[in-house]
Amino acid sequence: MSIRERMSGNEAIATAMRQINPDVFAMFPITPSTEIPQYFAQYVADGKVDTEFICVESEHSSLSACLGAEAAGARAITATSSAGLSYMNEVLYVAGSLRLPVVLAVACRALTGPININHDYSDSLAARDSGFIQLYAENNQEVYDNYLMAHRIAEHPSVRLPLMVCEDGFITSHAIENIELEEDEKVKAFVGEYRPEHYLLKEENPLAVGPYGVSGYYMEARVAQAEAMKNAKSVILEVAADFEKTFGRSYGFFESYRMEDAEIAMVIMGSSAGTAKACVDQLRSEGVKAGLVKLRVFRPFPGEELAAVLQNCKAVAIMDKSEGFSAMGGPLFAETAGACLNLEHHPRMIDIVYGLGGRDFTVEAARSVYDRLAGIAAGGELGPVYTHMGQRER
Amino acid sequence: MAYNLKEEMNKEERFHSGHRLCAGCGAGIVCRAMMRAVDPDDKAVICNATGCLEVSSFQYPYTAWEDSYIHTAFENASATASGVEAAYRAMQRRGRIPEDKHTKILAIGGDGGTYDIGFQSLSGAFERGHDFTYFCYDNNAYMNTGTQRSSATPRFASATTTPSGSESVGKKQVQKDLTQIMVAHGSPYVAQTTLFGTMKDFHEKAHRAIYTEGPTFVNVLTPCPRGWQYPADELIDICKAAIDTCIWPLYEVVNGEYRLTYEPKKKLPVEEFMSKQGRFKHCFKPGNEWTIEAAQAYVDQKWEELLNKCR
């Protein structure tokens, strides 16, 4: 029986961590992810977990300690946000290349310049090519569910890659919502134990990790890692299928919302999708064939599947909640447009950068995007492909 | 048990030949001696910072290490070791590693990866009190990238980023006294040693460090023939000169108690150390006599300070 509760996204993640009871948690505080290790510290203090909980002196060290622990044979986790994720950057790549399935909870927050503690994806999407699998969530329930699936995906023998469970800073991390939790024993049974084949502390067979790879070997290692990321696609679906069978909630690479006959659509991530869905409902009641795709899995990027859903649309807006400074659009736009490149007839596409540093996104704002799409779909001008929305006029 | 060189040399090698360190490199000697200090029945996990040692001892698909080994990056050997140690505790508590077996967790880095870029993670790991031993092979500069100055480079040494020239007499600042900084962390065992004689001093300190519970630190002056510019077969003479001039005093600090482990019968002038190496060549040019005087005055002052601590 699921347990009806109400809690924040941070507490939902911490609850999943308690239920999983990992071997090692290396923490360093940063807003808005700090509550996760705080909740966990209380579980340690109250004897609800027997994890080795270490409070290290930086995020670079928290992830480094997780690598040491995972390589040693343990299940290791951490959590961070924003500048903390940037500070980990070097080690993120090492985690992927060493094929160590660390699970990292990210309460996504804007990167500094100016300093800001609110939500956008400039932190996690800057790390999109680091070799981490990335799962995103619309609400607390999805954050919790993603966390329950995370270890099984990351640790799968055909994958063995680190994974980020991303939530929206403050919006999801701090807002209290209704949630269905699962029973501790059922969670433990679903997630299982981590038993790697090779590890540093294996008495009978020592292991060497992290070699110097000269040109004659480097590429093979990288290709193997790229293959693992491709393998993650089927594993994500397998784990989701088992999750649905066990707990009843269904997940894929993305959620298609009223896309069956949609002529205009948005591709969006995270909590903004809830706002945009309200707008889609409004438009549908007016007879407008509007739909929405909410991306759950950014890495591996489900390009083929996404293209298949978008191919019958006339106009699509890609909603980027991070600025990539490419001068031609944000990262979600680049990936989605690339995915649609080889479609015989692909929709016209625009990129809207919105919500940076926690700038509000409203139903009216979503409506203005759909209105523009409707004009393009009716044969009007495409207009500027890459624009920003919601900023104050000069 | 008393130190016996023959017995030590008859132990199974745990750091094998065939690695790609330069001829005459001190780091290889450090590694062999460090691994001899781990009791034969015990296992080890070595956490290595990026540097000469890493690229030379574990070049895929070959490794010189008999024991488990991990390299992740330059500045995080201590953080990586913290994770290995935390895993060891958790796995032992949960019955996944037998209680009666012992694995010693060692970290090793050059002075760049220890005094400089790795200092934060080193300090953090010592403050947290992880049970591991950190070995610094201090060769006084960033040797893997080509002898750039570090905070371990002594004053007046010519490095590629502090070259001597018409307006320069080499590095302007004195060497950071990392050993003292590690003592200030409250570590139960901190020692300075180098490579000379029968390696008794090194062995005893390394063994004591490895078998003292908590974070322990061994700082090893480790000459680099390329960076210090001396013939590869003179390594031991240079180390001996370093201790006889008191440029690198040998001592250990056990729970805060200082003990000198070597006092030269006759304290030699610093020229005995400096004149053997090309990196100090400019100090011996006419007009630069003051550099030798200044180097001597600094060594005298530091030596006095140490003697006072040991009394």
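Predicted model: local features only at pLDDT ≥ 70, side-chain atom pairs only at ≥ 80, totals over all residues.

Student: What makes a residue of helix 12 of chain A count as buried, and which ones are they?

Tutor: The test is 20 or more other C-beta atoms within 10 Å of the residue's own. In helix 12 of chain A, those that pass are Pro331(A), Leu332(A), Phe333(A), Glu335(A), Thr336(A), Ala339(A) and Cys340(A).

Student: What do the buried residues of helix 12 of chain A pack against?

Tutor: They pack against helix 6, helix 11 (303-310), strand 11 (264-269), strand 14 (315-320) and strand 15 (348-353), which belong to chain A.

Student: Into which domains is chain A divided, and how far apart are their C-alpha centres?

Tutor: Domain 1 covers 3-247 and domain 2 covers 254-388. Their C-alpha centres are 28 Å apart. The contact between them involves 25 residues of domain 1 and 21 residues of domain 2. On the domain 1 side, helix 6 (122-126), strand 6 (133-135) and helix 9 (215-247) of chain A each give two or more residues. Helix 9 of chain A gives the most there, with five. By type, that side of domain 1 has twelve nonpolar, seven polar and six charged residues.

Student: Turning to chain B, how do you know that it is as compact as a globular protein of that length?

Tutor: Chain B has twelve helices and ten strands. Its radius of gyration is 19 Å and the globule rule gives 19 Å for 311 residues; the two values are close, so chain B is as compact as a globular protein of that length. Along the principal axes, the C-alpha trace of chain B spans about 70 × 45 × 40 Å. As for burial, 52% of the 311 residues of chain B count as buried.

Student: How many residues of chain B are in contact with chain A, and what makes two residues a contact?

Tutor: A contact needs C-beta atoms within 7 Å. By that test, 39 residues of chain B touch 39 residues of chain A. Helix 4 (77-93) of chain B is among the elements that give two or more residues to this side, and helix 4 of chain B gives the most, with 13. The chain B side divides into 18 nonpolar, 13 polar and eight charged residues.

Student: Why are strand 9 of chain A and strand 2 of chain B called a pair?

Tutor: Pairing requires at least two bridges. Strand 9 (residues 208-209) of chain A and strand 2 of chain B have two bridges, in the parallel sense, so they meet the requirement. In strand 2 of chain B, Ile70(B) is the bridge partner of Val209(A).

Technical notes
Residues numbered from 1 in each chain as written. Chains lettered and ligands numbered in written order. Domains from an automatic or database assignment. Helix = DSSP H or I, 4+ residues; strand = E, 2+ residues; numbered from the N terminus. Nonpolar A, V, L, I, M, F, W, Y, C, P; charged D, E, K, R; others polar. Rg over C-alpha atoms; globule rule 2.2 N^0.38 Å. Buried ≥ 20, exposed ≤ 12 C-beta atoms within 10 Å, placed from the backbone.
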